[in-house]
Amino acid sequence: MGTGWSIFFGRYLITFVAGESDHRVARQGGTRFQYGSMMQFDFKSLDATSRYKLITGLVVPRPIAWITTINVNGSINAAPFSFFNAIGTDPALIVLGIGDHPDRPKDTAVNIQREKEFVVNLVPEALAQAMSDSATDYPAHVSEIDALGLATSSSQWVKPPRLDGCPSSLECRLERVLMIGENRIVFGEVLGVHVLDEVVLDVSKCQVASERMQLIGRMGGLGGYTRTTDVFQIPRKKYMGS
Ligand SMILES: Cc1cc2nc3c(=O)[nH]c(=O)nc-3n(C[C@H](O)[C@H](O)[C@H](O)COP(=O)(O)O)c2cc1C
């Protein structure tokens, strides 16, 4: 046990411990801390809003998929989704959790299920405000692209276009939709990606410098975000035998 100090934060006693073995952690900007006590939240006794607040506040940061799809009238829909991640590579798969508006399914889900194609655009800090504005509940026939004055470029493998200004876009084909309770889980196969030249480190090795994209991630609360530029490395070890 190393030396440390404690503070009360509301009803929580938070103890920060910095022992000799923690010096490397401290140098990396991390602080090892232990809670004096932990609270438990039993999801069976919570309503959906409370579960949402806990899940989205605790599972952070989440990447943001800024999705472009084609509306039924041919215009382009754009909306952000942070229930999003990459989950496999053979084939390359991404997953989205798309809910409903209070009165109707979200346009993105309707469009993906009808057209079977969509583009995941990754969000740099410079487009954070536009991304957030595109989450406004515009009626289905209104294009966020037109409403917000966004620019797009043609995609290579699918019909929905890519968003200009995003350092990377993933062109996707709908793989399947699963309904689990009220959750609509959309699986997409990535057919190909676009990456800004300056993000690519070595094209022959498919190596990219993620932090150069200056992407933002989603934190808890209604308007919480984080940057992804504070990178540190941990070399992987090989088991050398006992
Ligand atoms: C950063 C961010 C992340 C979001 N993540 C999700 C999400 O994972 N699932 C969801 O259903 N809605 C999410 N939303 C809300 C949708 O973007 C919003 O309901 C939008 O109006 C849907 O648009 P659409 O009807 O054109 O598809 C998010 C909003 C923001 C700003």
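## Model and overall make-up

The model is predicted, so local features need pLDDT of at least 70, side-chain atom pairs count only at pLDDT 80 or more, and totals for chains, interfaces and linings use all residues. Residue numbers start from 1 along each chain as its sequence is written.

The chain holds five helices and 17 strands. Both are DSSP runs numbered from the N terminus: helices are H or I with at least four residues, and strands are E with at least two. Of the 242 residues in the chain, 22% are buried. A residue is buried if 20 or more other C-beta atoms lie within 10 Å of its own, exposed if 12 or fewer, and partly exposed in between, with C-beta atoms placed from the backbone. Among contacts between residues at least 6 apart in sequence, 54% join residues at least 24 apart. Two residues are in contact if their C-beta atoms, placed from the backbone, lie within 7 Å.

## The seven-stranded sheet

Seven strands form an open sheet, in the order β6-β5-β9-β12-β13-β8-β7. The pairing is antiparallel. Two strands pair if DSSP finds at least two bridges between them. The edges are β6 (76-81) and β7 (84-89). Each has a single partner strand, so one side of each is left without a neighbour in the sheet. From one strand to the next, the twist averages 35°.

Helix α3 (residues 107-115) packs on this sheet. The helix touches β5 (65-70), β6, β8 (92-98), β9 (117-122), β12 and β13. Its direction makes about 55° with that of β5. Axes here are lines fitted to C-alpha atoms, for helices over the stretch in contact, and angles run from 0 to 180 degrees between N-to-C directions.

## Strand pairs and hairpins

β12 (residues 168-180) and β13 (residues 183-195) pair in the antiparallel sense over twelve bridges. Met179 stands opposite Arg184 in β13. Arg173 stands opposite Glu189, also in β13. The β12 and β13 hairpin has two residues between the strands, and Gly181 takes a positive phi near 60° there. β13 also pairs with β8, in the antiparallel sense, over six bridges. Here Val95 has Phe187 of β13 as its bridge partner.

β5 and β6 run antiparallel and are joined by six bridges. Thr68 stands opposite Ala78 in β6. Their hairpin has five residues between the strands, and Gly74 takes a positive phi near 90° in it.

## The nonpolar core

The largest nonpolar core has 30 residues. Such a core is a set of buried Ala, Val, Leu, Ile, Met, Phe, Trp, Tyr and Cys residues joined through C-beta atoms within 7 Å. Ala65, Trp66, Ile67 and Val123 have the most contacts inside this core. β5, β6, β8, α3, β9 and β12 each give two or more residues to it. β9 gives the most, with four.

Ile67 touches Ala78, Ala79, Phe81, Thr108, Phe118, Val119 and Val120, not counting residues up to four places away in sequence. Five of the six residues of β6 are buried, so this strand is largely enclosed by the rest of the structure.

## Around the ligand

The ligand is surrounded by 17 residues. A residue counts as near if its C-beta atom, placed from the backbone, lies within 6 Å. The closest are Ala79, Phe83, Gly99, Asp107 and Thr108. β6, β8 and α3 give two or more residues to the shell. β6 gives the most, with four residues.

By class, the shell has seven nonpolar, six polar and four charged residues. Ala, Val, Leu, Ile, Met, Phe, Trp, Tyr, Cys and Pro count as nonpolar; Asp, Glu, Lys and Arg as charged; the others, Gly among them, as polar.

Most residues other than glycine have a negative phi, and most peptide bonds are trans. A cis bond joins Val60 and Pro61, with omega about -10°. Pro61 sits in the loop between α2 (48-58) and β4 (62-63). Another cis bond joins Asp90 and Pro91, with omega about 5°. Pro91 lies in the loop between β7 and β8.

Lys116 has a positive phi, near 65°. Lys116 is in the loop between α3 and β9, and is partly exposed, with 14 other C-beta atoms within 10 Å. Gln214 has a positive phi, near 55°. The place of Gln214 is the loop between β15 (207-208) and β16 (216-218). Gln214 is partly exposed, with 16 other C-beta atoms within 10 Å.
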